[in-house]
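Trainee: I would like a close look at one part of this model. Please take me through the contacts in a connected way.

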Amino acid sequence: MTPMEYVVEAENLQKTFGAFTAVDGISFRARRGECFGILGPNGAGKTSTIRMIYGFSPLSGGSLHVLGEDVTRRRTLRKVKYRIGVCQQDNNLDPELSVLQNLEVFASYFDLAAPQAAERALALLQFIALENRKDTPIPELSGGLMRRLVLARALINEPDLLILDEPTTGLDPQSRHQLWERLEGLRARGISILLTTHYMEEAARLCDRLIIMDHGRILVEGRPQDLIRDHAGKDIIEVGDPGEELRAFVRDRGLRHDDLGHRILIYCDERDQLYREVSEHYCRDGCILRTATLEDVFLKLTGRELRE
Amino acid sequence: MNVPPGLRISHRFLRVWRRNVQVYRKTWRVSFLPPLLEPLLYILAFGYGLSTLVGDVAWRGEAVPYVAFIAPALLCIAMMYNAFFETTYGSFVRMYYQKTFDAMLATPLFLEDIIAGEIVWGATKAVIATAIMQVILTLFGLIRYPEGLLILPLSFIAGFAFASIGMVFTAVVKHIDLFNLPIFLFVTPMFLFGGTFFPLETLPAWAQVVAWCLPLTHLVELARAVGFGRLEPALLWHLLYLVVFSVLFFPLALVKMRTRLIK
């Protein structure tokens with residue numbers, strides 16, 4: 001096994017802030033060329049994890065290799081920093097510079113000479129369809145455009161690993177799909193991606209493999225479709241305002257289910273027959289049959305209580 | 001040499017400096033105005049208005065016209081203000097509101113490169129302002145040459161010192177309004193009592209001791225001697241003070257910033 005088979009190797013990774021443990025000894029490996037997702041509710045430890053990976057936060061414990069290099073050592077960390085592109089959660093574009101200047105100045109941090117920086121910046125503006133706005137001041141951009149520019153900025157050094165911390169949080173559906181299309185384009189080119197998100201649709205669409213975290217620990221790891229099959233089954237029957245008869249029916253049959261009080265979710269693999277039965281006899285306030293999604297897995301594993 | 005990692009700076013600090021130059025160049029027409037107009041206003045108000053009341057001032061046993069007396073001090077005040085305000089308000093806005101440092105930290109830059117770049121930029125602003133003001137004061141015949149040429153390198157040394165301590169405050173204040181405190185307790189007293197607008201000897205002995213603890217007093221002493229062309233070896237002590245001041249506060253700024261930002 002060559003060291004570069006994995007772009008990220010975390011071994012018993014820990015991050016504590018005083019008495020608070022944000023990341024509680026997690027281990028995972030992200031392969032080269034895949035899109036690896038870190039999912040979890042607010043405060044699960046996603047951002048703390050990703051910040052250690054791009055060298056922003058020092059480790060509290062464990063070991064961490066990125067692109068085969070030990071990031072706890074300053075010299076190798078600098079090498080890693082040259083080869084990764086980071087899309088942070090905030091739109092921290094430079095408001096004192098124009099669109100194009102934002103990319104060019106960032107390129108200079110990666111030691112790119114001015115002509116090369118200008119060339120790449122223009123190519124990236126084309127990639128994110130912003131080439132007509134290159135002299136626009138940043139405050140005049142919409143949230144979606146800013147986000148696309150942050151992505152372009154993260155690509156200025158042609159990184160081997162692209163790190164995205166909640167890239168579509170706060171975007172409208174149009175902007176989100178725009179960004180997804182571009183990320184899919186990058187994936188097709190074989191770039192390795194590490195992504196945190198709490199949008200399950202995003203994770204299911206983009207990630208080859210993912211982990212779901214909560215309270216600083218990893219709950220599950222796997223491919224999205226495998227996780228859905230293993231934890232939620234194929235289909236789900238959702239029944240609104242369930243009566244006692246339905247509850248008794250579910251219990252007698254030993255069906256896997258979640259009782260939310262005003263709503264019952266029944267996980268099933270033999271959909272049609274069971275659905276007919278439920279909808280004919282026990283359906284008072286609407287019931288639907290749908291495919292199980294990653295969101296079902298997520299809620300099942302991390303619970304339905306509100307966070308923060 | 002075994003420098004602790006938190007004090008290691010690479011040549012990349014120049015990229016941060018260049019980023020600030022690039023932003024400055026966008027607004028240079030406006031940025032040029034204060035150092036251009038300020039000395040004119042001061043000379044008008046203090047020099048011509050006040051000097052009719054004050055007359056000449058005794059400096060090193062010589063009677064010096066009041067305008068000539070305050071001219072080097074005006075340069076020193078500009079050095080202090082430009083450097084100090086750049087690494088307090090300027091850096092704080094970049095760090096806290098614009099998150100510019102966070103973005104930079106996701107590149108090959110380390111925090112020490114960023115902070116060093118900011119401090120050197122603060123010193124550079126002191127040099128720019130001094131140069132512009134010096135042109136005006138020279139036109140009034142208030143600076144002697146060739147000794148006066150030393151004022152520019154001096155403005156960098158002084159700017160570096162004030163930018164360093166400014167950055168220490170930036171690293172520790174919770175909110176931008178709290179800069180009022182160091183300005184009220186540190187900068188304004190120096191502005192008034194650092195031998196700027198009247199000779200130190202007119203102060204009571206204890207106040208003179210306090211004044212000599214502060215950097216601006218030493219800077220004014222240096223600049224005035226240079227401006228009047230009165231160089232002597234004893235001035236090196238004042239220079240040494242400014243250098244030691246930087247040697248203390250520059251590393252402190254790096255350490256405090258690391259404590260603040262790296263979590």
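Is A:Asp24 buried, partly exposed or exposed?

Mentor: A:Asp24 counts as partly exposed, at 29% relative accessibility. Keep in mind that this is a predicted model.

Start with the partner of A:Asp24. A:Arg217 forms a salt bridge with A:Asp24, and the closest N and O atoms are 2.9 Å apart. A:Arg217 sits in strand 10 (residues 217-222) of chain A and A:Asp24 in strand 2 (residues 20-31) of chain A, so the bridge ties together parts that are 193 residues apart in sequence. A:Arg217 counts as partly exposed too, at 48% relative accessibility. In general, side chains of opposite charge can pair when their charged atoms come close.

That bridge is one of several. Over all chains, the structure holds 33 salt bridges. Another joins A:Arg187 to A:Asp208, with the closest N and O atoms 3.2 Å apart. Here A:Arg187 belongs to helix 6 (residues 173-188) of chain A, while A:Asp208 lies in the loop between helix 7 (200-206) and strand 9 (209-214) of chain A, so this pair ties together parts that are 21 residues apart in sequence. A:Arg187 is partly exposed, with a relative accessible area of 27%. A:Asp208 is partly exposed, with a relative accessible area of 27%.

A local case follows. A:Asp226 forms a salt bridge with A:Arg229, the closest N and O atoms being 3.5 Å apart. Both residues are in helix 8 (residues 224-232) of chain A, 3 residues apart, which is about one turn of the helix. A:Arg229 counts as exposed, at 54% relative accessibility. Salt bridges with shared partners join A:Arg223, A:Asp226, A:Arg229 and A:Asp230 into one network.

Now the domains of chain A. The assignment gives domain 1 (3-221) and domain 2 (234-291). Their centres, taken over C-alpha atoms, are 41 Å apart.

Charge also meets ring in chain A. The charged end of A:Arg189 sits over the ring of A:Phe127, 5.2 Å from its centre. Chain B has a case as well: B:Arg224 lies over the face of B:Phe69, at 3.6 Å from the ring centre.

Next, ring against ring. The whole structure has 30 aromatic pairs over all chains. In one of them, B:Phe46 and B:Phe197 have ring centres 4.9 Å apart and planes at 25°, so the pair is stacked. B:Phe46 comes from helix 2 (residues 28-54) of chain B, and B:Phe197 from the loop between helix 7 (180-193) and helix 8 (205-213) of chain B, so parts 151 residues apart in sequence are tied together. B:Phe46 counts as partly exposed at 27% relative accessibility, whereas B:Phe197 counts as buried at 9%.

A second pair has another geometry. The ring centres of B:Phe92 and B:Phe179 are 5.6 Å apart and the planes are at 90°, so this pair is edge-to-face. B:Phe92 is in helix 3 (residues 66-97) of chain B, and B:Phe179 is in the loop between helix 6 (151-172) and helix 7 of chain B, 87 residues away. B:Phe92 and B:Phe179 are both buried.

Last, the cysteines. There are 0 disulfides over all chains. The sulfur of A:Cys35 is 4.1 Å from the closest cysteine sulfur, in A:Cys207, which is too far for a bond. A:Cys35 counts as buried, at 1% relative accessibility. For B:Cys76, the closest cysteine sulfur is in B:Cys213, 18 Å away, again too far for a bond. B:Cys76 is buried, with a relative accessible area of 0%.

Terms used:
Residues are numbered from 1 along each chain as its sequence is written. Chains are lettered from A and ligands numbered from 1 in the order in which they are written. This is a predicted model: local features need pLDDT of at least 70, side-chain atom pairs count only at pLDDT 80 or more; totals for chains, interfaces and linings use all residues. Side-chain values use heavy atoms; hydrogens and water are left out. Rings of Phe, Tyr and Trp (its six-membered ring) pair if their centres lie within 6.5 Å; planes under 30 degrees apart count as stacked, over 60 as edge-to-face and the rest as tilted. Helices (H or I, at least four residues) and strands (E, at least two) are DSSP runs, numbered from the N terminus. Buried means under 20% relative accessible area, exposed over 50%, partly exposed in between (1.4 Å probe, protein chains only). A charge sits over a ring if NZ of Lys or CZ of Arg is within 6 Å of the ring centre and within 35 degrees of the ring normal. A disulfide is a pair of cysteine sulfur atoms within 2.5 Å. Domain bounds come from an automatic or database domain assignment. A salt bridge is a side-chain nitrogen of Lys or Arg within 4 Å of a carboxyl oxygen of Asp or Glu.
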